[in-house]
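Reader: I have a structure here that I have never looked at before. Can you walk me through it?

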Amino acid sequence: MSHWLSIVVATPAHSAIAGPLTYRSPSLVAPGTLVRVPLGKREVLGVVWQALPDSGGLTESQARHVAGTLDALPPLSADWRALVGFTARYYQRSLGEVALAALPPQLRELTGIQLARRLKRPVQDTSYTPSAPDLIALSPDQTSAMAGFDAETGPRPRPALLFGATGSGKTEVYLRAAAQVLAQDPGAQVLVMVPEINLTPQLQARFEARFAHLGKERVVSLHSGLSPAQRLKSWLAAHSGAARLILGTRMAVLASMPQLRLIVVDEEHDPSYKQQEGARYSARDLAVYRASIQTDCRVLLGSATPSLESWQATISGKYRLLKMNERIGANAQAGGLPAVKRVDMNHQPRHCVMAPPLVKAIEERIARSEQSLIFLNRRGYAPVLACHDCGWKSECPHCSAYRVFHKIDRTLRCHHCGFTERVPRACPSCGNIDIAPMGRGTERLEEHLAELLAGTTRPDGSEVRIARIDADTTRLKGALESQLASVHAGEVDVLVGTQMVAKGHDFRHITLVAAINPDGALFSSDFRAPERLFSLLMQAAGRAGRDARHSAASQMWVQTFHPQHPLFEALKAHDYPGFAAQQLEERQAAGMSPFGFSALVRAEARTQEVAQSFLNAASSAALAAQLEGHAQVTAYPAVPMTIQRVANVERAQMLVESASRAALQRFLAAWQPLLFETRKQTDFKSLIRWAIDVDPLAI
Ligand code: ADP
Ligand code: ZN
Ligand code: ZN
């Protein structure tokens with residue numbers, strides 16, 4: 001007698017077989033079990049989703065058999081399957097794609113025997129012994145945050161948002177909350193999420209030190225920087241329960257952690273929690289969802305500048321707010337935060353890049369052996385190379401964007417498609433040899449600073465040392481670590497960098513941070529640009545004066561043509577709540593997130609016309625079909641994306657909005673089959689791809 005199973009396999013996102021497939025098996029296999037099954041001519045990894053009462057109409061000859069079970073591995077839990085099911089539904093992707101993407105890639109290649117071999121060496125079970133290291137006394141803020149976090153008990157505690165400036169001791173609160181959970185339950189697991197891999201080594205060291213008594217293999221990390229073998233190892237440790245503390249980036253939210261009792265999301269506002277391809281999920285939002293369905297699992301979000309979505313949730317009472325007002329060990333005034341100085345660029349010499357008072361302030365730091373961080377959100381030498389005779393500019397032939405001039409290897413590089421060429425000797429259009437850089441990137445800023453500080457020396461008479469950290473200087477593995485180490489070791493006086501250095505790093509000797517040209521975000525068409533700028537500047541400011549001895553004298557400089565702008569007023573006052581109130585008011589008036597919900601449908605084709613008309617045709621089809629939820633949903637006409645062409649592919653998008661999340665969800669679910677249908681029409685043969693982005697970050 002044989003059994004019928006519905007099994008989830010990785011199917012291409014746009015194939016018709018999006019749901020689980022039916023297979024035959026000689027024995028009953030528990031849901032969540034990993035199996036190998038035939039698919040076309042290949043044999044692939046699958047997850048048993050459920051046992052079926054019958055063949056569902058498949059005949060004996062049509063039915064294919066399960067080729068093998070990876071029964072060395074315990075089945076994936078019902079909670080995990082529920083999480084994956086939700087993710088696929090909510091973000092409008094196939095179940096198979098989400099489920100298989102959540103598993104370590106190496107698992108797909110292993111046979112049952114190979115897997116059993118990997119699992120052979122069991123981790124010895126040393127359950128938590130409270131020989132924890134000596135702990136520092138919590139500050140009053142930390143004590144009340146901990147008490148607040150513990151105050152709400154019961155099976156479904158609300159998510160908590162820990163709001164505190166950089167250096168207020170949030171990480172210590174995460175450590176305590178984790179320790180408490182691990183001590184209470186000898187099997188409990190804790191997931192700590194960070195936005196970027198760059199930030200994991202520092203945090204990992206801190207967590208490993210604190211939980212060293214658990215045994216080395218109990219603290220694991222999960223992120224895309226791991227080798228496939230390491231990733232499999234970490235995943236298996238999390239799945240088996242051997243790992244008690246899992247530190248990871250966004251992908252970790254979908255890992256199997258059967259005993260998960262606490263999820264911490266550090267820097268919860270960070271855009272890198274949103275996946276930007278495939279299933280475009282928000283790992284923060286999934287963390288909140290996961291905690292809500294998993295038994296006895298709590299979630300703690302933390303930030304100095306929370307996302308407006310989370311902040312609004314504390315106002316409406318959906319989340320609890322835990323507030324920490326002061327930086328640790330800092331002088332009482334202004335909570336030890338650096339003084340914000342706005343430089344009115346209207347009153348500086350024309351075309352000046354660095355205002356003279358700022359240069360003077362940097363020189364003063366150098367004289368005191370303190371460090372400065374100069375921050376510019378654009379890498380390369382100059383964003384454009386131009387001919388002033390004929391107006392030629394360094395456009396990318398494949399994209400609707402300019403190629404950036406990189407002086408170091410004299411290339412023009414497209415930051416969108418990667419197309420790189422040597423800088424032409426003369427203007428390609430008129431032959432003028434006098435082609436010149438326009439605008440400024442970090443590479444040029446570094447050069448300019450070297451000129452400005454040429455006459456300055458360090459206290460011992462030696463030359464000023466300037467360093468740059470951005471995506472270009474850190475391309476090689478280990479480069480970022482070694483560059484950061486030299487900053488920590490005091491081998492650098494002035495550090496020039498992009499937002500990469502504004503985040504997370506614990507620089508002890510930086511007492512001055514300067515944002516050279518932040519104005520662009522004030523008038524951007526992207527409604528989240530001010531939120532991102534504010535949080536970036538607050539975070540950059542947090543780099544200054546982390547060492548309490550310096551914090552009183554620390555400064556954050558902002559060069560701007562709009563010094564009275566409310567964003568800078570709020571920054572000066574270190575007033576996130578004030579800034580948030582002002583932004584939320586605007587968003588409410590405009591019906592934007594968190595007061596309205598949206599999705600983007602993007603389409604790519606060889607011509608803009610095809611991309612747009614595909615979207616418009618699918619939208620008309622939705623209208624004609626009177627889809628569920630349609631009355632509460634607005635679909636706008638298709639428009640070109642901001643960067644309309646990348647690598648010779650034309651891109652268009654359509655915005656879909658609703659005041660009701662549920663209505664938008666119903667509409668998208670009903671619309672998806674129509675999008676597939678529309679795609680099949682001959683007019684859209686040349687369409688390359690389309691995809692839905694639910695809760696997009698940029699509209
Ligand atoms: P955040 O995560 O909010 O930026 P951290 O937790 O990193 O803050 O704390 C900032 C600094 O203060 C760290 O060097 C940390 O070791 C120290 N610190 C945190 N809590 C305490 C405490 N209760 N007593 C003394 N030092 C503390
Ligand atoms: Zn020219
Ligand atoms: Zn390009």
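Author: A definition to begin with: two strands pair if DSSP finds at least two bridges between them. Helices (H or I, at least four residues) and strands (E, at least two) are DSSP runs, numbered from the N terminus. This is a predicted model, in which local features need pLDDT of at least 70, side-chain atom pairs count only at pLDDT 80 or more, and totals for chains, interfaces and linings use all residues. Residues are numbered from 1 along each chain as its sequence is written, chains are lettered from A and ligands numbered from 1 in the order in which they are written, and side-chain values use heavy atoms, with hydrogens and water left out.

Reader: OK. How many bridges join strand E1 to E2?

Author: Strand E1 (residues 3–9) and E2 are joined by 5 bridges, and the two run antiparallel. Leu-5 stands opposite Tyr-23 in E2, and Ile-7 is opposite Leu-21 in E2.

Reader: What order do the strands of that open sheet have?

Author: The order is E2-E1-E4-E3-E5, an open sheet of 5 strands with antiparallel pairing. E2 and strand E5 (68–69) are the edge strands, each pairing on one side only. In general, strands of a sheet pair through backbone hydrogen bonds, either parallel or antiparallel.

Reader: Is strand E2 mostly covered or mostly open?

Author: Mostly covered: 4 of the 5 residues in E2 (residues 21–25) are buried. Buried means under 20% relative accessible area, exposed means over 50%, and partly exposed is in between (1.4 Å probe, protein chains only).

Reader: New topic. Which residues are closest to ligand 1?

Author: The closest are Ala-137, Gln-142, Gly-167, Lys-170 and Thr-171, out of 17 residues that surround ligand 1. A residue is near a molecule if one of its heavy atoms lies within 4 Å of it. The shell divides into 5 nonpolar, 7 polar and 5 charged residues.

Reader: What is 2.5 Å from an oxygen atom of ligand 1?

Author: An N or O atom in the side chain of Thr-171. Backbone atoms take part too: a polar backbone atom of Gly-169 is 3.0 Å from a ligand 1 oxygen, and a backbone N or O atom of Ser-168 lies 3.3 Å from one. The protein buries 76% of the 560 Å² that ligand 1 exposes when taken alone. Those areas come from the Shrake-Rupley method with a 1.4 Å probe.

Reader: Moving on. Where is Asp-472?

Author: Asp-472 sits in the loop between strand E20 (466–469) and helix H12 (479–488). Asp-472 counts as buried because its relative accessibility is 18%.

Reader: Which residues does Asp-472 touch?

Author: Arg-379, Gly-380, His-406 and Arg-413, not counting residues up to four places away in sequence. Contact here means heavy atoms within 4.5 Å. The side chain of Asp-472 also makes a polar contact of 2.7 Å with that of Arg-379 and one of 3.4 Å with that of Arg-413. A polar contact is a pair of N or O atoms within 3.5 Å; within protein, one must be able to donate a hydrogen and the other to accept it, and residues adjacent in sequence count only if both atoms are side-chain atoms.

Reader: What about Ala-515: buried or exposed?

Author: Ala-515 counts as buried, because its relative accessibility is 1%. Ala-515 is in strand E22 (residues 510–515). Leaving aside neighbours within four places in sequence, its contacts are Phe-375, Leu-537, Met-556, Trp-557, Val-558 and Gln-559.

Reader: Last one. Which peptide bond is cis?

Author: The bond from Ser-593 to Pro-594 is cis, with omega near 10 degrees. Pro-594 lies in the loop between helix H17 (576–590) and strand E24 (597–605). Most residues other than glycine have a negative phi, and most peptide bonds are trans. On the phi side, Gln-92 has a positive value of about 60 degrees although it is not a glycine. Gln-92 is in the loop between helix H1 (78–90) and helix H2 (95–101).

Conventions. Nonpolar A, V, L, I, M, F, W, Y, C, P; charged D, E, K, R; others polar.
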